[in-house]
Amino acid sequence: MIYSLENIRTELLENRNPIKMQRVYGNNSINNYELLEDVTFELSNGFKITIPKGYRWDLSSVPRFLWWLLPPDGDFQIGALIHDFLYENKLTERKFADQEMYKWSVTASGTKKQSLRNIDNKIRLAGVRAFGWYVYNN
């Protein structure tokens with residue numbers, strides 16, 4: 001199945017999370033996650049990406065001292081997966097990858113209106129806009 005912004009919320013509401021993953025230990029005791037199956041997404045610009053089984057990412061790259069406010073896991077994990085894959089493979093411009101993370105996070109959490117969940121998504125977007133250049137350029 002190809003997941004899109006139009007169908008992902010329905011899948012999640014029916015308890016069909018497309019991300020089948022397992023936790024693996026990363027650097028400095030920060031957990032990483034590994035995909036157990038390929039997953040394909042259609043991005044908001046119509047471009048399709050397949051993230052392969054075995055791909056590793058850290059959910060949301062939040063410094064440990066901020067985990068009390070912005071935990072590294074949550075309903076934004078699809079947005080974080082897409083974002084990390086786009087950054088790592090330089091498949092799009094950085095700004096598009098950041099905005100795509102936000103769109104998928106908002107859609108997955110169902111937070112179109114102002115809410116704590118949407119404020120969380122906006123803070124994460126501001127974080128990657130402010131500091132993502134370092135990861136994207138390295």
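Guide: Start with exposure: a residue is buried under 20% relative accessible area, exposed over 50%, and partly exposed in between. The model here is a predicted one.

Visitor: Why is lysine 90 called partly exposed?

Guide: Lysine 90 has a relative accessibility of 40%.

Visitor: Where does lysine 90 lie, and what is its phi?

Guide: Lysine 90 is in the loop between H2 and helix H3 (94-109). Its phi is positive, about 50 degrees, although lysine 90 is not a glycine. Most residues other than glycine have a negative phi.

Visitor: How do you know that the span of H2 agrees with its number of residues?

Guide: The expected span is 1.5 Å times one less than the number of residues. For the 13 residues of H2 that should give 18 Å, and the end C-alpha atoms are 18 Å apart, so the two agree.

Visitor: What makes H2 a mostly covered helix?

Guide: Of the 13 residues of H2, 11 are buried. Among them are Gln77, Leu81, His83, Asp84 and Tyr87.

Visitor: Which residues of the largest pocket's lining lie nearest its centre?

Guide: Ser61, His83, Asp84, Val128 and Val135 do, out of 26 lining residues. The elements that give two or more residues to this lining are strand E6 (56-57), helix H2 (77-89) and helix H4 (116-137). The largest share, 8 residues, comes from H4. By class, the lining has 15 nonpolar, 5 polar and 6 charged residues. The space in this pocket is about 630 Å³.

Visitor: What makes the contact of arginine 94 with aspartate 98 a salt bridge?

Guide: The cut-off asks for a side-chain nitrogen of Lys or Arg within 4 Å of a carboxyl oxygen of Asp or Glu. In this pair the closest N and O atoms are 3.8 Å apart, and that value is within the 4 Å cut-off, so the contact counts as a salt bridge. Both residues lie in helix H3, 4 residues apart, about one turn of the helix.

Visitor: Why is aspartate 98 called buried and arginine 129 partly exposed?

Guide: Aspartate 98 has a relative accessibility of 0%, so it counts as buried. Arginine 129 has a relative accessible area of 33%, so it counts as partly exposed.

Visitor: How many salt bridges are found in the whole structure?

Guide: The search finds 5. One of them joins arginine 16 to glutamate 14, with the closest N and O atoms 2.5 Å apart. Glu11, Glu14 and Arg16 are linked in a network of salt bridges.

Visitor: Why do E2 and E6 count as edge strands?

Guide: The open sheet has 3 strands in the order E2-E3-E6, with antiparallel pairing. Strand E2 (21-25) and E6 each have a single partner strand, so one side of each is left without a neighbour in the sheet.

Visitor: How do you know that E3 and E6 pair?

Guide: Pairing needs at least two bridges. Strand E3 (residues 31-35) is joined to E6 by 2 bridges, so the two strands count as paired. Tyrosine 33 has tryptophan 57 in E6 as its bridge partner.

Key:
Residues are numbered from 1 along each chain as its sequence is written. This is a predicted model: local features need pLDDT of at least 70, side-chain atom pairs count only at pLDDT 80 or more; totals for chains, interfaces and linings use all residues. Side-chain values use heavy atoms; hydrogens and water are left out. On a 1 Å grid over the protein atoms alone, a cavity is a set of points where a 1.4 Å probe fits but cannot get out, and a pocket is an open set with protein on both sides within 12 Å along at least five of seven lines; lining residues have an atom within 4 Å of a point. Grid points are joined across faces, edges and corners, and a volume is the space filled by probe spheres set on the points. Ala, Val, Leu, Ile, Met, Phe, Trp, Tyr, Cys and Pro count as nonpolar, Asp, Glu, Lys and Arg as charged, and the others, Gly among them, as polar. Buried means under 20% relative accessible area, exposed over 50%, partly exposed in between (1.4 Å probe, protein chains only).
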